Amino acid sequence: MRNLGSILVERGQITPEQLEVAEQEQRTNGRSLGRVLVEQRILTEKDVVAALASQIGMEFVDLEETPVDGRAATMISESIQRRHGVLPIGYEDGKLIVAMSDPANVVAIDDVRTVTGMEVKAVVATRDDVLSAIGRYASMAGDMESVVDDMIDDEDDVDLEDVKAATDDAPIVKFVNLMISQAVADGASDIHIEPTDSDLRIRYRIDGVLHDVMRSPRSIQAGVISRLKIMADVDIAERRVPQDGRISVSTGGKAIDLRVSTLPTVHGEKVVMRILDKTSVLLSLDDLGFLDHNLQRFEEAYTKPYGMILVTGPTGSGKSTTLYATLNVINDPGVNIVTTEDPVEYQLPGISQVQVNGKVGLTFANALRSILRQDPDVVLVGEMRDRETAHIGVEAALTGHLVLSTLHTNDAPSAVTRLTEMGIEPFLVGSAVDCVLAQRLARKVCSRCVTWVDPEPAMLKAAGFGDDIVEERPQIPQAVGCSACTNTGYRGRLAIHEVMTVTEDIERLAVARASTEEVTRVAVEQGMRQLREDGLAKVLLGRTTIEEVGRVVI
């Protein structure tokens, strides 16, 4: 077995000189090398435990970053967890993954195996992290179970007035609060509450993929949905038509907004809540995963004083986030920025934001007309939905305003033909539009468990790599799955981009009503990198996988 000092030097965590000093101290006072390095503030306890785990060939997990599966955490009681310093955190190949501060404790492993009836895979974590996570996750999951039991006992037939009078310690309120807190802790973007014919299914969307969290008895359905409708300030007596509302909460020290949508289904009302983390609007463009080539082309567009910038892509591809990040860059006391959105998802400091309201006739077009009388420098239009809005936006871009908006197209060149199809004169489209950014969101490969493989040339060719790359046969990342990424192999997301600058040649094509294929051919000749090309470049950089690029780019 390699000694701890050599492992730490190999990892670059300490220098040979620091190791020599620490070993001298170790010989003097008799304490362990790891303890000496922590006392000298050269390493943290996590650094030492991670190295010790490597020394004995085990996986180390940082429980402050690793999501915990609530179903796994409830498989053994909190008292057993605290007694042995263990916490089940997930599943892998039919085994229960258990985080332990002392992986040599065979009694603890035997107890967990006996109680759960499952084989155990032990992973290493610091004792403080394990105890903290037990308090954070296990008790939360336990509360969730007891809350469900209380709700089954007390809320079999929820009366409307009873729900209205619910107090903060009522089981129904605790259940909803725990459900939201757990979603935020797991990094979910959406919560789905779906009634079925036999139960109430709750799912979280994490990194763009839905995961089952729990299935609860159908008897709690009316209480949960009524509570959410009260929080969202919508009509709890109306169950026949869809409704939209908003909830503001604070959890884990973060201010969170939830956009709530109800939909009547054959089994009752389904509720979907979009989690809007206000800290995400502080992202910079550097955080969005732009490669230098695309960032430079995009910067040239938004630093101009006028013109139209369009961000395109399907729903959920991060268009709004990109526009907000762009506004953060150009937001300045000397610039008047006004937006019209449906709805206003994030409130930005120093920017005037207008919410579209169809009930009173405040459409995108009407709002945009009024905004242009407010002496704006920069205008953001949530979406180019119709000819009228697009026409006013184009005119604004031609009269000295910087206009940012979104459009639903599959790629950047399609935006030119889409505007023409909406009834905008081709010569206006070519003159007004300065840049089109198409994007998709792909999952980032988990840095903890990623493996690098030697791909077959046929695989590289099928993915779309050029002949030069196929001949080189570079190693590429492959998703594996570990406790840190809940065995998905992916953790977090990044954007894949395609930036088309509207040049004179593309203007001429727009005026001539050229096909999208022709516009694409010219744009590529002039330096545009297509979505797949950008995605594959990020595969070579180790940020995502070929499979993920294939999933999000047609």
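Leaving aside its neighbours within four places in sequence, with which residues is Met308 in contact?

## Basis of the report

This is a predicted model, in which local features need pLDDT of at least 70 and side-chain atom pairs count only at pLDDT 80 or more, while totals for chains, interfaces and linings use all residues. Residues are numbered from 1 along each chain as its sequence is written, and side-chain values use heavy atoms, with hydrogens and water left out.

## Overall architecture

The protein chain contains 23 helices and 18 strands. Helices (H or I, at least four residues) and strands (E, at least two) are DSSP runs, numbered from the N terminus. Along its principal axes, the C-alpha trace spans about 80 × 70 × 50 Å.

Of the 554 residues in the protein chain, 49% are buried. Buried means under 20% relative accessible area, exposed over 50%, and partly exposed in between (1.4 Å probe, protein chains only). Contact means heavy atoms within 4.5 Å. Among contacts between residues at least 6 apart in sequence, 62% join residues at least 24 apart.

## Nonpolar cores

Met308 is in contact with Met384, Gly393, Val394, Ala397, Val403, Ala432, Val433, Asp434 and Cys435, its neighbours within four places in sequence being left aside. A nonpolar core is a set of buried Ala, Val, Leu, Ile, Met, Phe, Trp, Tyr and Cys residues joined through side-chain atoms within 4.5 Å. The largest such core has 56 residues, of which Met308, Leu310, Leu419, Val433, Phe465 and Met500 touch the most other members. Helix 15 (residues 387–398) gives the most to this core, with 5 residues. A second, separate core of 27 residues includes Val176, Leu200, Ile256 and Ile275.

## Packing of helices

Axes are lines fitted to C-alpha atoms, for helices over the stretch in contact, and angles run from 0 to 180 degrees between N-to-C directions. Angles under 35 degrees count as roughly parallel, over 145 as roughly antiparallel, 65 to 115 as roughly perpendicular and the rest as oblique. Helix 10 (residues 171–185) and helix 11 (residues 221–231) pack at about 75 degrees, with their axes 9 Å apart; the two are therefore roughly perpendicular to each other. Their contact involves Ile172, Val173, Phe175, Val176, Asn177, Met179 and Ile180 of helix 10, and Gly223, Val224, Arg227, Leu228 and Met231 of helix 11. By class, this contact has 9 nonpolar, 2 polar and 1 charged residues. Ala, Val, Leu, Ile, Met, Phe, Trp, Tyr, Cys and Pro count as nonpolar, Asp, Glu, Lys and Arg as charged, and the others, Gly among them, as polar.

Helix 20 (residues 504–511) and helix 21 (residues 516–525) pack at about 175 degrees, with their axes 10 Å apart, and are therefore roughly antiparallel to each other. Asp505, Ile506 and Leu509 of helix 20 meet Glu518, Val519, Val522 and Ala523 of helix 21. This contact has 5 nonpolar, no polar and 2 charged residues.

## Backbone features

Most residues other than glycine have a negative phi, and most peptide bonds are trans. Arg513, in the loop between helix 20 and helix 21, has a positive phi of about 55 degrees although it is not a glycine. Arg513 is exposed, with a relative accessible area of 56%. Arg473, in the loop between helix 19 (467–472) and strand 17 (476–478), has a positive phi of about 50 degrees. Arg473 is partly exposed, at 35% relative accessible area.

A cis peptide bond, with omega about -5 degrees, joins Asp342 and Pro343. Pro343 lies in the loop between strand 11 (337–341) and strand 12 (352–355).
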